[in-house]
Amino acid sequence: MSLTLDELDSHLFKCADIIRDAVDPTDYKEYILPLVFYKAISDEYEQEREEIVEEYGEDFADNANLYDVPIVPEGHRWNDLRQESENVDEAINNAFTEFTQANPDLSGIFNANFMEAGGLTDDRLIKLVEHLSTYDLDRDSVPPDMLGEAYMDLVRHFAEEEGKSGGQFFTPPHIVQLCVRLVDDFADGMTFHDPTVGSGGMLTEAAKYYREAQGGDPSKLTFTGQEINPDIAAIARMNLSLHTLNGEIERGDSLASPGFTDGDDLERFDRVLANFPFSADWAKDDLQDDQYGRFDWHTKLPRADRGDYAFIMHIAEQLKEPDRGDESGGKAAIVIPHGVLFRKHEQRYRQPMLENDLVEAIVGLPENLFQNNSIPSAILVLNTDKPAEREGEVQFIHAADEAFYEELSNQNELTDDGLDHIVANFDDWTTEERVSRTVGIEEIEENDFNLNIALYVDTTEPEEDIDVSEELAELRELQAEREEIESRMTEHMEALQYE
């Protein structure tokens, strides 16, 4: 039977109900996401196996070269898991181990040890496996884009379950969509990168946008990312696989040990999308003499306890640049804390960034958009090859007013109209009263390279015009009403013989 996305979402969300109270909510994703991935891969493998047997015969069914999907070893396929009634946790662990041995390129994708989760009894795991068995998840049953979207909905669901701690690996969809649209105009052959990739939402959204908004084929793009948390890196790898995207996710700290290099240089990309951890510690002492020359905007490096500009310089170095032999320039959309725009001691980094004409736009966002951070944020748009008509200018967009977002129960969310408004102003390079303004570098220099949006866009609420005659008429009405009330009170007092 064919499923809608809502039905598939509901089906996957029920997995959490099955293991609720058996493991901590912060661990739901560690057990459910790998099983969903394994079910989808196993279903797709079985589907391909049937086609191979039908075309070439049983003797060729185990020829790995005939498969377009990862090999699921005999004895460890989904239906084999369904036959287990005892020691199900061990059976799942063994299936994952055999799978990664058969597919070395997916080594490290499964990190959870089901045998260490005491609350996941045989009964619980049998229910979970049987629940996931309700529907086939192969490509003929569920299109890859739908399955990938449902998978991201599941990631979002777990982030909400975890509350603040879940926000560290998941960027809200409306912010991701805005970042993608601010660096759009994609083409076949382009490369996309996220140095703090989390669960991979930025990359999969770029692929979705290319397919749905531009009518492109995401299989002709390349997606890469790096993530310091091994469990979250595994989720990102599964996410790319379920979306059938070409690419690679590296584990590790992208500042201390960048995973994508080209000899003595960093690999450069057409598009970089990032939401790095705000004001996080970084290995400043170890990177004083960085071999890739990333942190050369000033002789003094950013503070060890505030790595914002370390990430920004790293990302700028990852962008393609015509002056360095690339055919075209690169663009980046980076989610940043507002302090990056105006902190005094960081003027030393803003100045070269602006003098090199890297900054294309700054979009100020409302507060309370993230689960783990209520402070207002912004999006910094970098471009190493700005169009001639935008050279020497920066567009400031103030999108923090209520016209751009709606208040939800526990956080705010940009509306579709708000997103369209921001993107339209950026695309058209518009100056709009109290919303946006394009500003020359000279004016920014006069402000000591301070990028505080309020310096360039009037963000104050307009005062209402006062109609003096109307206000006087209302005053007279109130005075007459008061006189009438005082007269009645006097009559009552006299009747009661009060003096």
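1. How many bridges join strand 1 to strand 6? Two bridges join strand 1 (residues 191-194) to strand 6, and these strands run parallel; H193 is the residue that stands opposite V272 in strand 6. Strands pair here if DSSP finds at least two bridges between them, while helices (H or I, at least four residues) and strands (E, at least two) are DSSP runs numbered from the N terminus.

2. This is a predicted model, in which local features need pLDDT of at least 70, side-chain atom pairs count only at pLDDT 80 or more, and totals for chains, interfaces and linings use all residues. Residues are numbered from 1 along each chain as its sequence is written, and side-chain values use heavy atoms, with hydrogens and water left out.

3. In strand 6 (residues 271-274), R271 and L273 point one way and V272 and A274 the other way, and all are buried (under 20% relative accessible area, with exposed over 50% and partly exposed in between; 1.4 Å probe, protein chains only). In a regular strand the side chains alternate between the two faces of the sheet.

4. Strand 6 is also joined to strand 7 by four bridges, in parallel, and A274 has I334 in strand 7 as its bridge partner.

5. Strand 7 (residues 331-337) pairs with strand 9 in the antiparallel sense over seven bridges, with P337 opposite S377, whereas strand 8 (residues 359-364) pairs with strand 9, also antiparallel, over five bridges.

6. Seven of the seven residues of strand 9 (residues 377-383) are buried, so strand 9 is largely enclosed by the rest of the structure.
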